Amino acid sequence: MKQKPSVYLETSFISYLTGDPSRNLTTLQRQISSREWWESHRQNFTLMISQAVIDECEQGDERVARRRRAFLAEAAVLDTTAAAAALAAALVQPHGPLPANARVDGVHIAVASVEACQYLLTWNLRHIANPYIRRMIDNIIREYAYEPPVVATADQLIEGSPR
């Protein structure tokens, strides 16, 4: 039996998936895409998260956090190993391209890389899916002898999915 590809669900994806419908059109489109991917495509993947995702999803309004927890229950929790912590540190300034305030984004990228997730599903276009720093991030991951995951939004994974 063919194994499903693994996808790391980064916190921004979970937030769009579980958020109340927005009046902002960009946000609403991301929410709709996230729900479509979840309802129609998640079964094609092995879902992965890390403790960093859990910790971020626990923040904020308890009603929304409870909703997030329900979705996270379907995903396997990956360990943040010493290797992942070292890679995460290398991705953050002063050594890497991520600013210090994006330390947790480095953890997401590192865990997905060290655990060989094929995809990292995110709406974080500022740091994780930023095309201007993506090459630098991928080079650092390869220097640590890992293969970087394909970073994608829900729209991209919907469009590229096998029919």
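Residues are numbered from 1 along each chain as its sequence is written, and side-chain values use heavy atoms, with hydrogens and water left out. Because the model is predicted, local features need pLDDT of at least 70 and side-chain atom pairs count only at pLDDT 80 or more, while totals for chains, interfaces and linings use all residues.

Student: Which pattern does the protein follow along the sequence?

Tutor: Let's start with the elements, which are DSSP runs numbered from the N terminus: helices are H or I with at least four residues, strands are E with at least two. The protein has eight helices and five strands. Read along the sequence, the pattern is β-α-α-β-α-α-β-α-α-β-α-β-α.

Student: What radius of gyration does the protein have, and what would a compact globule have?

Tutor: The radius is taken over C-alpha atoms, and the globule rule is 2.2 Å times the number of residues to the power 0.38. The C-alpha trace spans about 40 × 40 × 30 Å along its principal axes. For 163 residues the rule gives a radius near 15 Å, which agrees with the protein's own value of 15 Å.

Student: Among contacts between residues at least 6 apart in sequence, what percentage join residues at least 24 apart?

Tutor: A contact here means heavy atoms within 4.5 Å. Among contacts between residues at least 6 apart, the share joining residues at least 24 apart is 72%.

Student: Which residues is Ile-109 in contact with, leaving aside its neighbours within four places in sequence?

Tutor: Ile-109 lies in helix H6 and is buried, because its relative accessible area is 0%. Ile-109 and Glu-10 are 99 residues apart in sequence, with C-alpha atoms 8.9 Å apart in space. Leaving aside neighbours within four places, the contacts of Ile-109 are Leu-91, Leu-98, Leu-120, Ile-128, Arg-134, Ile-137 and Ile-141.

Student: Arg-134 also has a salt bridge; which residue is its partner?

Tutor: A salt bridge is a side-chain nitrogen of Lys or Arg within 4 Å of a carboxyl oxygen of Asp or Glu. Arg-134 counts as buried at 12% relative accessibility. The N to O distance is 2.8 Å, and the partner is Asp-138.

Student: Which residues are linked with Arg-63 in a network of salt bridges?

Tutor: A search of the whole structure finds nine salt bridges. Arg-63 forms one with Asp-20, the closest N and O atoms being 3.0 Å apart; this pair links distant parts of the chain, with Arg-63 in helix H4 (residues 62-72) and Asp-20 in the loop between helix H1 (11-18) and helix H2 (25-40), 43 residues apart. Arg-63 also forms a salt bridge with Asp-61, at 3.8 Å between the closest N and O atoms. The network links Arg-63 with Asp-20, Asp-61 and Arg-67.

Student: Are Arg-63 and Asp-20 buried, partly exposed or exposed?

Tutor: Arg-63 has 43% relative accessibility, and Asp-20 has a relative accessible area of 40%. Those values place Arg-63 and Asp-20 in the class called partly exposed.

Student: Which peptide bond is cis?

Tutor: Look in the loop between helix H5 (82-91) and helix H6 (103-114), where Pro-94 is placed. With omega near 20°, the cis bond runs from Gln-93 to Pro-94.

Student: What is the phi of Ala-145?

Tutor: Ala-145 sits in the loop between H7 and strand S5 (150-152) and counts as exposed at 67% relative accessibility. Although Ala-145 is not a glycine, its phi is positive, at about 70°.

Key
Buried means under 20% relative accessible area, exposed over 50%, partly exposed in between (1.4 Å probe, protein chains only).
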